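Walk through this structure with me.

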Amino acid sequence: MIKINLLPYREKKQKAGVQQQVVIIAAALILCLGVMVLLYFSERSATVDLRQKVKAADAKLASLSKIAGEIGKVKADKDVLEKKIAIIKNLEANRLKPVILLDDFTGFIPVGQLWLTSLNLSENECRVEGLARDNSSIAQFMKNIEKSSYFKSVDLIASKQSLLGTNKLQAFTISCSFKKGS
C-alpha cells in the first residue's frame, strides 16, 4: 500500500528554512549596520579630538611666534648695543692717542727751526703740514718721527718755498703711517 502524506511538511520545512535565512540575513545586516554606526561615531569622536588638538596647537604656535618675534627684536637690539659698545671701547682706547702724539711731536720738532700748521689724524695715518726754515729742518723732523714707536713709515708729500712776510720758509706736507696696534 502506498502511503501518501498529504500534510505540507516539506513546505513547512522550506518555509522554516527561508524564515531562518531571513532572520540570519536580518541579524547580519543589523550587526553590520551596528558596526558601521559604531565606527562612524568612533571616527567622528577622533576627528573632534584632532580638531581640538589642531586648535590648541595653532594657539600655541601663535603664542610661540609672538615670543620668537620678541626674541628676534631682543637679538637685534643686542647687536645694536654690542656695536655701540664696540665703538665706545674703540673711542675710549683711542681717546688719548691725539694727546700722546702731540706730546711726542713737540719732542720731534727742531726748536726754532720748524712750526706745525695742521695735524690731521685718521685711523691708519697722520698728515702733518707746517713751515720750516730749510729742507734740512724738515729732514731732521722726519728722522725724529721715524724713530718713534708709533709710526712705520714717514713720507714727504710736498715741500715748496713760500714767503711769510719778508722771510723765505719751506711749506711742507708729511704723511706718517701708524704701526698696527698703536
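Leu-121 stands opposite Cys-126 in β2. This is a predicted model, in which local features need pLDDT of at least 70, side-chain atom pairs count only at pLDDT 80 or more, and totals for chains, interfaces and linings use all residues. Residues are numbered from 1 along each chain as its sequence is written, and side-chain values use heavy atoms, with hydrogens and water left out.

Two strands pair if DSSP finds at least two bridges between them.

Take the strands next. Strand β1 covers residues 114-121 and strand β2 covers residues 125-132. They run antiparallel, and seven bridges join them. A hairpin of three residues links β1 to β2. Ser-118 has its bridge partner in β2, namely Glu-129. β2 also pairs with strand β4, residues 167-178. That pairing is antiparallel too and holds eight bridges. Here Glu-125 stands opposite Ser-177 in β4. In a regular strand, side chains alternate between the two faces of the sheet.

Stay with β4, where Ser-175 lies. Is Ser-175 buried or exposed? Ser-175 is buried, because its relative accessible area is 7%. Buried means under 20% relative accessible area, exposed means over 50%, and partly exposed lies in between (1.4 Å probe, protein chains only). Which residues does Ser-175 touch, leaving aside its neighbours within four places in sequence? The contacts (heavy atoms within 4.5 Å) are with Glu-125, Cys-126, Ser-153, Val-154, Asp-155 and Ile-157. Ser-175 and Thr-106 are 69 residues apart in sequence, and their C-alpha atoms are 17 Å apart in space.

Now the helices. Helix α3 spans residues 135-146. Its twelve residues should span 16 Å at 1.5 Å a residue. The expected span is 1.5 Å times one less than the number of residues. The end C-alpha atoms of α3 are 17 Å apart, which agrees. The buried residues in α3 are Ser-137, Ile-138, Phe-141, Met-142, Asn-144 and Ile-145. They cover an arc of only 160° around the axis, so they sit on the same side of α3. The arc is that of the directions from the helix axis to the C-beta atoms. What do the buried residues of α3 pack against? Their partners are α2 (97-108), β1, β2, β3 (151-164) and β4.

α2 also has twelve residues. From first C-alpha to last, α2 reaches 16 Å, close to the 16 Å expected at 1.5 Å a residue. Lys-97, Leu-101, Phe-105 and Phe-108 are buried in α2. They cover an arc of only 65° around the axis, which puts them on the same side of α2. The face turned away from that buried side carries exposed residues: Val-99, Asp-103, Thr-106 and Gly-107.

Ser-148 lies in the loop between α3 and β3. Ser-148 counts as buried because its relative accessibility is 9%. Leaving aside neighbours within four places in sequence, Ser-148 is in contact with Phe-108 and Lys-179.

Next, the aromatic rings. Rings of Phe, Tyr and Trp (its six-membered ring) pair if their centres lie within 6.5 Å; planes under 30 degrees apart count as stacked, over 60 as edge-to-face and the rest as tilted. By this rule there are three aromatic pairs. One of them joins Tyr-40 and Phe-41, edge-to-face, at 5.3 Å centre to centre and 70° between the planes. Phe-41 is partly exposed, because its relative accessible area is 45%.

Finally, step back to the whole protein chain. It has three helices and four strands. From the N terminus, the elements run α-α-β-β-α-β-β. The radius of gyration is 52 Å, well over the 16 Å that the globule rule gives for 182 residues, so the protein chain is more spread out than a compact globule. That radius is taken over C-alpha atoms, and the globule rule is 2.2 Å times the number of residues to the power 0.38. Along its principal axes, the C-alpha trace spans about 175 × 30 × 30 Å. Buried residues make up 17% of the 182 residues. Among contacts between residues at least 6 apart in sequence, 55% join residues at least 24 apart.

How values were computed. Helix = DSSP H or I, 4+ residues; strand = E, 2+ residues; numbered from the N terminus.
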